[in-house]
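This briefing covers a single protein chain. The sequence and model are shown first, followed by notes grouped by topic.

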Amino acid sequence: SPASLGGAMAGLSESLLEREPKRRRLEDELAEWGWRDYARCALCFGRRPEAAEVSQSERQALQELRDRHCNLPFAPASAETDKQLCAIWNAAYPEERIQEADNSRRWRRLGFQSDTPRTDVRSGRFPLDQFHYFALTYPERLQHMSKQALDLDYPLAISCFNLSHMVVVYFDLYDSETVSPVAGAHQAG
């Protein structure tokens, strides 16, 4: 009957949820060698390869990156976001300083896809934090790259966001499932 089938499906769904395997982290994968690893190492001349050792301090560093940096949500309307966007713009174009990160065509010059820079930050706060750090630490380099990006017609800001996202995906630093901006890209390990 349809009712018993529905009950059986609900029971099956619950049992599948209960048996869902715990997600393995990159550092756990590195610690174990599988048959593919041995096959890749066929030229090891009889030496058995050792599994990568991930120290406790390295595990803690990865966890800190996950907890304190890579998984923070992006708050588009926050004062912090406004300050970061202004600082990035002012580092790239010091002769055109701004006090507010309002919507404007100017953002396209810096390589955002639209007049609203907040809509280009799609994978959490980390990529914006990285771009902000770059702008404050290397303002002359950012100015040079901004001019070069305009001449070569490539979106600098979006490229920086994508690179940050790719690094986080590659090193398995997101807590949730995500897709790399590069089709077929693999994780470290």
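**Briefing on the predicted model**

At 18% relative accessibility, C160 counts as buried, where buried means under 20% relative accessible area, exposed over 50%, and partly exposed in between (1.4 Å probe, protein chains only). This is a predicted model, in which local features need pLDDT of at least 70 and side-chain atom pairs count only at pLDDT 80 or more, while totals for chains, interfaces and linings use all residues. Residues are numbered from 1 along each chain as its sequence is written, and side-chain values use heavy atoms, with hydrogens and water left out.

**Overall composition**

- The protein chain has nine helices and zero strands; helices (H or I, at least four residues) and strands (E, at least two) are DSSP runs, numbered from the N terminus.
- From the N terminus on, the order of elements is α-α-α-α-α-α-α-α-α.
- Of the 189 residues in the protein chain, 32% count as buried.
- Among contacts (heavy atoms within 4.5 Å) with a separation of 6 or more, 52% come from residues 24 or more positions apart.

**Cysteines**

- C70 counts as buried because its relative accessibility is 1%.
- The count of disulfides is zero, a disulfide being a pair of cysteine sulfur atoms within 2.5 Å.

**Helix packing**

- Two packed helices are described by the angle between their axes and the distance between the axes.
- Helix α7 (residues 126–137) packs with helix α9 (residues 156–170) at an angle of about 120 degrees, and their axes are 9 Å apart; axes are lines fitted to C-alpha atoms, for helices over the stretch in contact, and angles run from 0 to 180 degrees between N-to-C directions.
- Helices α7 and α9 are therefore oblique to each other, given that angles under 35 degrees count as roughly parallel, over 145 as roughly antiparallel, 65 to 115 as roughly perpendicular and the rest as oblique.
- On the α7 side this contact is made by F126, P127, L128, Q130 and F131, and on the α9 side by A157, C160, F161, S164 and V168.
- The crossing of α7 and α9 is right-handed; a crossing is left-handed if the near helix is turned anticlockwise from the far one by less than a right angle, and right-handed if clockwise.
- Helix α5 (residues 79–92) packs with α7 at an angle of about 40 degrees, with axes 9 Å apart, which makes α5 oblique to α7.
- The α5–α7 crossing is left-handed, and its contact joins T81, Q84, L85, A87, I88 and A91 of α5 to L128, D129, F131, H132, A135 and L136 of α7.

**Serine 146**

- S146 lies in helix α8 (residues 139–152) and counts as buried at 1% relative accessibility.
- The S146 side chain reaches the backbone oxygen of L142 at 2.7 Å.
- Leaving aside residues up to four places away in sequence, S146 touches A92, Y93, L110 and L156.

- Most residues other than glycine have a negative phi.
- D172, in the segment after α9, has a phi near 55 degrees, a positive value in a residue other than glycine; D172 is buried, with a relative accessible area of 3%.
- A188 is also placed in the segment after α9 and counts as buried at 14% relative accessibility.
- A188 and D172 are 16 residues apart in sequence and 7.8 Å apart in space, C-alpha to C-alpha.

Note on methods:
A polar contact is a pair of N or O atoms within 3.5 Å; within protein, one must be able to donate a hydrogen and the other to accept it, and residues adjacent in sequence count only if both atoms are side-chain atoms.
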